[in-house]
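Thanks for making the time this morning. I would like to walk through one structure with you, going from a single side chain out to the sheet and then to the aromatic rings.

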Amino acid sequence: MSNTPMAANPLTRAVLEIDEYASGLGWDQPARLFALVDTAQLRAQEPALAAQLGLQDEPENTGLTPIEQDEVPTDKPLDEFLATIAWPNAVTGCALTVERLMLPPSAEAQVPQGLSEAKLATWVAEHPDRQEVRMTVAVLRDGTRESALRLREKDTPTEVLTGGALVPGLAEALSATFEV
């Protein structure tokens, strides 16, 4: 039985399910990419796969099933990798989970000017107020977005923040994978 809190929206449920899955793998994990497919269509069109995924006993209501894709390459910037993706029509949406360091807004004024990307990353990694965060961001073909954020220091299902506009840049990059 899943520990994922119930959410009214199928996309929110999918994001929380992916967050729970990533949480079970622990921290310091690579980025993970998921296709989101309509569960009812999956059961109808691919009953063997649905059975393999344990979906044959799921209620008949609408929902989304996340299907993890091959590994996200670590030797290429994430935005460049996402620009190479195109999804087949059977894919309703996609999601990505990735870990990053973040700083509170109060640290913005402290950022030294003129740092290269590598030096800025080092500065953030050494900042005393840095926080490790796992972001799970999902988008649908119609533009609907959802995100879940989990801080490493508050690593419990009840401390996961959700919202459609939490990680707009990553949501934009994922949405672009559906543009023809």
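Let me begin with a term: a polar contact here is a pair of N or O atoms within 3.5 Å, where, within protein, one atom must be able to donate a hydrogen and the other to accept it. Please keep in mind throughout that what you see is a predicted model.

With that cut-off in hand, look at Thr65, whose side chain is joined to the side chain of Thr39 by a polar contact of 2.6 Å. Thr65 belongs to strand 2, which covers residues 64-68, and it counts as buried because its relative accessibility is 6%, the limit for that word being under 20%. If we set aside the neighbours within four places in sequence, the residues in contact with Thr65 include Ala35, Leu36 and Val37, as well as Leu42, Leu53 and Leu55.

Six strands make up an open sheet, ordered 2-1-3-4-5-6, with antiparallel pairing. Strand 2 and strand 6, the latter being residues 161-163, stand at the edges with a single partner strand each, so one side of each is left without a neighbour in the sheet. On average, and ignoring direction, neighbouring strands are turned by 20 degrees against each other. Within this arrangement, strand 4 (residues 131-140) and strand 5 (residues 145-151) pair in the antiparallel sense over seven bridges, and Thr136 is found opposite Ala148 of strand 5. Helix 1 packs on the sheet and touches strands 1, 2, 3, 4, 5 and 6, its direction making about 30 degrees with that of strand 5.

Tyr21 is partly exposed at 38% relative accessibility, whereas Phe34, at 4%, is buried.

The other pair, Trp87 with Phe178, is stacked, with 6.3 Å between centres and 25 degrees between planes. It links distant parts of the chain, 91 residues apart: Trp87 sits in the loop between helix 4 and strand 3, and Phe178 in the segment after helix 6. Trp87 counts as buried at 13% relative accessibility, and Phe178 counts as buried at 12%.

Finally, Arg134 lies over the face of Trp27, 4.1 Å from the ring centre.

Technical notes. Residues are numbered from 1 along each chain as its sequence is written. This is a predicted model: local features need pLDDT of at least 70, side-chain atom pairs count only at pLDDT 80 or more; totals for chains, interfaces and linings use all residues. Side-chain values use heavy atoms; hydrogens and water are left out. Helices (H or I, at least four residues) and strands (E, at least two) are DSSP runs, numbered from the N terminus. Buried means under 20% relative accessible area, exposed over 50%, partly exposed in between (1.4 Å probe, protein chains only). Contact means heavy atoms within 4.5 Å. Rings of Phe, Tyr and Trp (its six-membered ring) pair if their centres lie within 6.5 Å; planes under 30 degrees apart count as stacked, over 60 as edge-to-face and the rest as tilted. A charge sits over a ring if NZ of Lys or CZ of Arg is within 6 Å of the ring centre and within 35 degrees of the ring normal. Two strands pair if DSSP finds at least two bridges between them. Axes are lines fitted to C-alpha atoms, for helices over the stretch in contact, and angles run from 0 to 180 degrees between N-to-C directions.
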